[in-house]
Amino acid sequence: MTTRDDCVALDGADPLAALREQFDLPPGTLYLDGNSLGVLPRATAPRVAQVVQQEWGAGLIGSWNHAGWMDLPQRVGDKIARLVGAGAGELVAADSTSVNLFKVLSASLAMQRTDAPRRKVIVSERSNFPTDLYIAESLAAEHGCELVLLDGDAITARLGNDVAVLMLTHVNYRTGRLHDMAALTRAAHDAGALTVWDLAHSAGAVPVDLTGAQADFAVGCGYKYLNGGPGAPAFVWVHPRHVDRFRQPLSGWIGHAAPFEFAPGYRPAAGIARYQCGTPSVIQLAALECGVDTLLAAEPHGGMSALRAKSLALTRLFAQLVEERCAGHGLTVTSPREDAMRGSQVCLTRSEGAYAIVQALIAHGVVGDFRAPDVLRFGFTPLYTGFADVWDAVEHLRQVLTAGTWREARFNQRAAVT
Ligand SMILES: *Cc1c(COP(=O)(O)O)cnc(C)c1O
């Protein structure tokens with residue numbers, strides 16, 4: 001049996017423990033929801049104040065040139081690229097994940113229309129995040145394609161000569177299951193299909209090697225593990241072998257080769273710059289840069305592979321402690337137990353009361369979230385979560401279950417955002 005003292009000892013020996021100092025965590029809160037909204041870095045508020053007061057307030061429009069505002073999508077993109085195995089100049093931070101998915105899925109379908117017009121199928125996972133499926137549904141209709149949703153091994157088995165694109169989220173938002181990006185990309189390419197990867201629950205959470213996997217397109221989220229703040233810009237990456245072949249359909253002026261010529265005809269910029277659309281969100285990009293910097297601060301300590309090792313130890317410990325200490329309370333650990341198949345989260349299910357248990361835990365200061373219909377979801381961010389935190393979170397869960405406080409009416413009222 002693991003004791004709390006064992007966990008305290010693990011924290012004492014953890015070379016990444018000092019990275020927590022980069023954040024302002026509210027006292028008394030155990031935050032296990034960095035997979036939904038990352039926490040506030042200490043650097044963010046002063047940096048945003050500087051952008052607002054000096055760059056905007058004093059510098060006014062001159063800051064587009066003098067404060068490097070126009071370069072922010074590339075500058076922040078280059079930093080994110082280091083976390084996902086992409087090269088400098090290959091990735092931009094812009095727009096939302098949903099919008100970026102629309103761009104890259106459109107481009108991949110357009111490429112296949114030229115290269116292999118008989119291919120009319122988009123394959124994805126049935127339990128993929130809804131926005132990904134909604135965007136794919138809309139584009140399938142527009143391009144005369146069919147969206148086929150499958151689970152597990154049936155995905156690879158379906159990759160035949162009618163498939164245009166395999167569109168997957170690398171780490172499943174509900175189960176925490178991690179796909180083998182290299183193997184699935186190879187299988188897709190062997191079948192003549194292109195790949196679109198959504199890294200919403202991967203960037204900053206697990207090591208990603210887009211270049212090594214020879215992936216085709218990728219998008220990801222700025223406000224989850226990248227700690228960019230609510231509604232932070234997302235990112236988009238296209239492999240250099242494709243990037244200049246097709247224009248994405250949101251042909252706004254910031255993706256133009258020469259926006260300030262104000263020419264009537266659209267000419268896409270070279271490279272990933274054409275995947276921008278309109279004016280960069282300067283204040284949000286400045287905040288996102290602070291968030292990404294908190295991950296790059298781990299580079300001297302082993303970077304993403306060191307963070308990954310700690311994340312796996314945290315999620316393994318959480319699952320083990322739930323089974324040991326909450327046995328007999330009807331919880332099932334549904335995230336994969338095999339390290340290679342698990343992202344940085346652990347999901348539990350319970351046939352009754354999952355929503356209310358999450359609310360009761362929040363009242364105890366342990367913040368996870370609920371995903372309909374029966375999932376209690378806990379994200380583990382190794383930058384600021386320790387082993388004793390995991391022990392304490394499970395202890396609160398045990399108390400909530402033992403005392404049955406979750407049955408109180410106040411924990412059973414649904415808010416708009418779960
Ligand atoms: C969080 C998440 C999104 C969010 O998309 P937005 O456009 O930022 O709302 C998209 N896809 C997946 C897989 C996600 O986990």
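Predicted model: local features only at pLDDT ≥ 70, side-chain atom pairs only at ≥ 80, totals over all residues.
Residues are numbered from 1 along each chain as its sequence is written. Local features need pLDDT of at least 70 and side-chain atom pairs count only at pLDDT 80 or more, while totals for chains, interfaces and linings use all residues; side-chain values use heavy atoms, with hydrogens and water left out.

**View 1. The largest cavity has a volume of about 90 Å³.** A cavity is a set of points, on a 1 Å grid over the protein atoms alone, where a 1.4 Å probe fits but cannot get out, and its lining residues have an atom within 4 Å of a point. Grid points are joined across faces, edges and corners, and the volume is the space filled by probe spheres set on the points. Look for Leu-109, Gln-112, Arg-113 and His-143, which are among the lining residues. Helix α5 (residues 97–115) gives the most to this lining, with three residues. Helices here are DSSP runs of H or I with at least four residues, strands are runs of E with at least two, and both are numbered from the N terminus.

**View 2. The second largest cavity has a volume of about 60 Å³.** Its lining includes Arg-20, Tyr-31, Tyr-384 and Asp-389. Sorted by type, the lining has five nonpolar, two polar and two charged residues. Ala, Val, Leu, Ile, Met, Phe, Trp, Tyr, Cys and Pro count as nonpolar, Asp, Glu, Lys and Arg as charged, and the others, Gly among them, as polar.

**View 3. Strand β5 (residues 163–169) is largely enclosed by the rest of the structure, because seven of its seven residues are buried.** Buried means under 20% relative accessible area, exposed over 50%, and partly exposed in between (1.4 Å probe, protein chains only). Strand β3 (residues 121–125) runs parallel to β5, joined by three bridges; two strands pair if DSSP finds at least two bridges between them. Here you can find Val-123 opposite Leu-166 of β5. Five bridges link β5 with strand β6 (residues 194–198), also in the parallel sense, and Val-165 stands opposite Leu-194 in β6. From β5 the chain passes through helix α8 (residues 181–190) to β6 in a right-handed β-α-β crossover. Right-handed means that, with the strands pointing away from the viewer, the path from the first strand over the helix to the second runs clockwise.

**View 4. Cys-277 is in no disulfide.** A disulfide is counted when two cysteine sulfur atoms lie within 2.5 Å, and the structure holds zero of them. For Cys-277, the nearest cysteine sulfur belongs to Cys-221, 19 Å away. Cys-277 is partly exposed, with a relative accessible area of 23%.

Conventions: 1 Å grid on protein atoms, 1.4 Å probe; cavity = no way out; pocket = protein on both sides within 12 Å on 5 of 7 lines; lining within 4 Å.
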